Amino acid sequence: MSEPLVGVRNLVKHFPITRGILFRRQIGAVQAVDGVSLEVERGETLGIVGETGCGKSTTARLIMRLLDPTSGEISFEGRDITRLRGGELKSVRREMQMIFQDPYSSLNPRKTIGSIIGEPFAIHGMHKDKAERKQVVQTLMETVGLNPEHYNRYPHEFSGGQRQRIGVARALALRPKLLIADEPVSALDVSIQAQVLNLLREMQDRFGLTLIFIAHDLSVVRHMCDRVAVMYLGKFVEVGPGDSLYGFPRHPYTGALLAAVPVADPAAHGSERRLLSGDVPSPAFPPAGCRFHTRCPKAQPLCSQKEPPLEDKGSGTRTACHFPLTREEVAATGVRSAL
Ligand code: SF4
C-alpha cells in the first residue's frame with residue numbers, strides 16, 4: 001500500500017489560560033486537541049464531525065500548520081512537517097489549501113474577486129504577467145461555475161453560494177493535493193448547500209484531490225466521505241468507513257448524533273428521536289475517564305475512572321467505549337430511520 005498523504009500521530013494542542021497583566025501566570029489550559037492520530041490516503045475523503053468546540057477546526061489548522069502543536073507529529077507525503085518554518089513551510093503550504101465556513105467574512109470586501117482568486121499567485125510569485133494572470137484566474141472562475149466576466153466585481157455583488165465558489169477557486173489556484181473544507185456549507189441556505197457539495201465532489205474528481213471535510217452534522221458528510229472520524233472534546237471517539245459507522249454506530253455519541261438528524265416524517269419512522277442532553281463540558285476541565293460520561297445514557301462507574309482506548313469492536317469502526325451500543329440499542333434510537 002502507498003504511504004498516506006497525511007499522517008498525524010498523538011497530536012496535542014493546549015491553549016494556555018493565563019492570569020495577571022504584567023506577569024502572566026499560566027493557571028490552566030484549554031485542551032482543544034488531546035492525542036489525535038489519523039491517516040488520510042491519497043484521493044480519499046475523510047469527514048471529521050462533532051459539535052462546536054470539539055476541536056475539529058483546530059485539528060484542521062494544525063494539519064495546515066496554521067497553528068503550532070503542543071506535541072505530536074504531522075507528516076505530509078511521508079515527510080515530517082511538524083516543525084517546518086520559513087520557505088520550507090511555504091512550499092508545503094502550496095500543496096494544502098483550506099476553504100472556510102463563512103464565505104462572507106473570508107473574502108476581503110475591498111478586493112475584486114479577480115485579485116482574491118489570484119492572490120495565491122501573487123504570494124508564490126507565479127503568473128507575474130498581468131494579462132496571463134487574468135486569463136488563468138478567469139479559467140478558474142469558469143471551472144467553478146462563475147462567470148469570468150465578473151472578474152472586476154466585489155464580494156458583496158455575489159450570493160452566498162457564489163462566494164463559496166470564489167473560495168473554492170482561490171483554494172484550487174495552486175493545484176493543491178489536499179483540500180480541507182471547514183464547514184463549507186454551514187452558513188449557506190439548504191437550497192444551495194447541495195450545489196456547493198456537488199462542486200467539491202466534481203473538483204475532487206477532476207483534480208484528484210484528497211479532501212478533509214469538517215462538519216457538525218453527520219447527514220452532511222454522509223454522501224461526501226469514504227471514512228468518518230467522530231470527535232468529542234478534543235478526542236476521536238469513533239473512526240471508520242462511512243458504511244460501517246452509519247450502519248452500525250458503536251459509540252453512544254455517534255448514535256446520538258445520528259439519532260438527532262431531523263427526518264421528514266418522524267411519526268412514520270416509528271421510533272423516538274433521542275436528543276443529547278446537557279452541554280459539552282469545558283475543554284479546560286474535561287471529565288476524567290471517558291470524556292462523554294457526563295452525557296452518556298450508558299455510563300457506568302468504570303466510565304469515569306478509566307479512559308477507553310480507540311479500538312476495533314468487530315463492526316468495522318474503531319470505537320473508544322467500554323460499553324458500545326448493541327444492534328438492539330441502535331435500532332431503538334431510530335438511527336437507521338434517520339438516514
Ligand atoms: Fe458511555 Fe461509558 Fe462508553 Fe463513555 S465509555 S461512551 S460513558 S458507555
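**Entry 1: the hairpin**

I began with Gly-7 and found that its bridge partner in S2 is Glu-39. The model I am reading is predicted. Next I looked up the two strands: S1 covers residues 6-19 and S2 covers residues 25-40. They run antiparallel, and 12 bridges join them.

I noted two further positions along this pair. Lys-13 stands opposite Val-33 in S2, and His-14 stands opposite Gln-31 in S2.

Then I checked the turn. The hairpin of S1 and S2 has five residues between the strands. Within this hairpin, Gly-20 takes a positive phi near 95 degrees.

**Entry 2**

For Val-12 I found the bridge partner Ser-71 in S4.

**Entry 3: the sheet of eight strands**

I turned to another open sheet and traced its eight strands in the order S6-S7-S8-S3-S9-S10-S12-S11. The pairing here is mixed. I then looked at the edges: S6 (96-99) and S11 (311-312) each have a single partner strand, so one side of each is left without a neighbour in the sheet.

At the S11 end I checked the partner, S12, which covers residues 318-319. S11 and S12 run antiparallel and are joined by two bridges. I recorded Thr-319 in S12 as the bridge partner of Glu-311.

At S6 I looked for helices. Helix H5, residues 160-172, lies across S6 and S7, the latter at 178-182. H5 runs at about 170 degrees to S6. Helix H6, residues 190-207, packs on the sheet and touches S3 (45-49), S6, S7 and S8 (210-215). I noted that the direction of H6 makes about 160 degrees with that of S8.

**Entry 4: the ligand**

Last, I looked up the ligand. Which residues come nearest to the ligand? I found Cys-290, Cys-296, Cys-303, Cys-321 and His-322, out of the 13 residues around it. I sorted the shell by kind: nine of its residues are nonpolar, three are polar and one is charged. I also noted that the space taken by the ligand is the largest cavity.

Terms used:
Residues are numbered from 1 along each chain as its sequence is written. This is a predicted model: local features need pLDDT of at least 70, side-chain atom pairs count only at pLDDT 80 or more; totals for chains, interfaces and linings use all residues. Side-chain values use heavy atoms; hydrogens and water are left out. Two strands pair if DSSP finds at least two bridges between them. Helices (H or I, at least four residues) and strands (E, at least two) are DSSP runs, numbered from the N terminus. Contact means heavy atoms within 4.5 Å. Axes are lines fitted to C-alpha atoms, for helices over the stretch in contact, and angles run from 0 to 180 degrees between N-to-C directions. A residue is near a molecule or strand if one of its heavy atoms lies within 4 Å of it. On a 1 Å grid over the protein atoms alone, a cavity is a set of points where a 1.4 Å probe fits but cannot get out, and a pocket is an open set with protein on both sides within 12 Å along at least five of seven lines; lining residues have an atom within 4 Å of a point. A molecule sits in a cavity or pocket if more than half of its atoms lie within 2 Å of its grid points. Ala, Val, Leu, Ile, Met, Phe, Trp, Tyr, Cys and Pro count as nonpolar, Asp, Glu, Lys and Arg as charged, and the others, Gly among them, as polar.
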